[in-house]
Amino acid sequence: MATSRPNWLWRLIRSIWLFFGSLDLAVYICLFLAVDTALAYPLIQKSLTTFIPLGEVGLWTWLTSYGRLTFSHTFWFYGLLVGVTFLGVNSFVCSTIRVWAILGPRRKKGWLLKLGPHFTHYAVVVMLLGYLGSYTLAEALPGRALVPDGPPFKLPKNLGFVSARLEKPKIYAGQRLEFFDQWYLDPGIVLSFKKPSGDQTFEARIAYNQPVRYAGYNFYLADFYPKNATSAGMGGYKTIKLTIRRDPAANIYIAGIIIFAVGVALYLADLAQTFRKRGQKA
Amino acid sequence: MEKVLQSSSTGLYLLAFILAWPRKFLKLARGLAGLGTLVGLGYLFLRYYRAWPMTPMFMGSVAVPPFLAIFGLWAFRSNATENQRLGLTLVFGLAATLGLLSSFFPKDFYLPFLKTASLFSQAHLAFNFLGKAGLFLAGIWAFLSFRASLKPISSQIHLWLAIGYVFWTLSMLTGEVWSYLGWGLPVVWDEPVIVCFMATWFYYTALLHLFVTNRRPKTRRVLTVAGIVWLILFNVHPDLGPLRWPPTLW
């Protein structure tokens, strides 16, 4: 029975819901975030090294160590966290109120295109959750260096071993930029993964911007030596530096990016239709 | 060769800006700006040709003028109104200013780095030029709105804001994918340019929401014009180097 629900509680929930669904609130939050991140521009330049460990030690550890100890340079980051939390709640509530109206009983023709901005709002929420997951749950293993055709290294949690060998490299062609003449664009590194028993599982080529995935871990090429096909490398050794990360939330923010792109496409289609109609009227 | 092309392009925009003031030379000014755009695109082609498959660095101010001029020549294609003429003049003036900034504060001597050899890095930069050009044009339309009837111009401000914002967002998303593939993180926090990028995205997100509310027309216009200054401070300035006097023009 509706009468059994305390009226004051219902009114309170409703007013909180409407407060968070306000477009004005979105404007104020975004302006706050714009000023907050603009302040970060000179502050990051002053303390570049403070922010480097953020991706390695995780968000909470960073906030309670590096962030807290250099608060005069990192306060904007705390502001950013508060701001994006409000933005996430605002985006969700704001869109839910409007999607309800679009899909409700008085649904109008062309309703799908009207959902474009709301797709982007929900995508923002998904992406923010993905980032939060990524910076809190991701696991980064200490940097590893491999020597091509050298000994393998053992992966954690008894996942096996990884070693490297070299294939045909891709070299910067010509002398368009003299400095890069004969530089490796892709040194042709192939990673070989073996189970603890010694059975080979698979091989994959790794390069910059081309990570390799194995047993839930992503292997990124961080650096390699020598850089140049005509030099022998540091002390004559060929070295490959890898970054190894396990990021269970990566798929969430990638899904957010895809939803955002769909929303932008719908929004553009709607905008084009609106301007076409205006043109016809004129 | 690149320097000659960039300086010539800037010179042509400057000439177009001066000639566009008296109405009788407007056609000539358009022609000069068109030529400046072709020369500017030639400069961009050379920068890309040298760096390919890597992405050329610090193009934030030098690459925008040709795209701004293309958008401007299209948006103000009619000679009919005084507003169209003034709009075009401001476009040429802004293109020349960005070109001059790049000549006096060059940063084009930086070499690209290997991780920029990625389709996502290329897309990130290209969308950035288009986004910046669109947002600059929205600012110019907003400026015009202070001296003419608002109604027809308001939709133009909204249109160019939307175009610029969409490209800016696409630039941000492709940048995130590149960052994830290259570093394993969606945001590299120790790079100040990235937070500037985010700051501008938040600024224009606020502005677009303000347009959706359809209230406070004057605030909307003031903030859209202020967006030009914001873009120069936070998105052009990081791509500028120290003052070089006399400037290297060739």
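Modeller: Domain bounds here come from an automatic or database domain assignment. On that basis chain A is divided into domain 1 (12-138 + 251-281) and domain 2 (141-246). Please keep in mind that this is a predicted model.

Colleague: How far apart do the C-alpha centres of domain 1 of chain A and domain 2 of chain A lie?

Modeller: Those two centres are 36 Å apart.

Colleague: What makes Asp24(A) and Arg215(B) a salt bridge?

Modeller: The rule asks for a side-chain nitrogen of Lys or Arg within 4 Å of a carboxyl oxygen of Asp or Glu. Here the N to O distance is 3.2 Å, so the pair qualifies. The count between chain A and chain B is two salt bridges, and 14 residue pairs are in polar contact across the interface (both at pLDDT 80 or more).

Colleague: Which helix gives the most to the side of chain A that touches chain B?

Modeller: That is H2(A), with 16 residues. By class, this side of chain A has 49 nonpolar, eight polar and six charged residues.

Colleague: Why is the area between chain A and chain B called buried?

Modeller: Because buried area is the accessible area that two parts lose on being put together, summed over both. For chain A and chain B that comes to about 5,000 Å², with carbon and sulfur atoms giving 74%. In chain A, Tyr41(A), Arg176(A) and Asn209(A) lose the most area to chain B, together 16% of what that side buries.

Colleague: And how many residues does the contact take from each chain?

Modeller: Chain A puts in 63 residues and chain B 53 residues.

Key: Residues numbered from 1 in each chain as written. Chains lettered and ligands numbered in written order. Predicted model: local features only at pLDDT ≥ 70, side-chain atom pairs only at ≥ 80, totals over all residues. Heavy atoms only, no water. Contact = heavy atoms within 4.5 Å. Buried area = accessible area lost by both parts, 1.4 Å probe. Polar contact = N/O pair within 3.5 Å; in protein donor to acceptor, adjacent residues only side chain to side chain. Helix = DSSP H or I, 4+ residues; strand = E, 2+ residues; numbered from the N terminus. Nonpolar A, V, L, I, M, F, W, Y, C, P; charged D, E, K, R; others polar.
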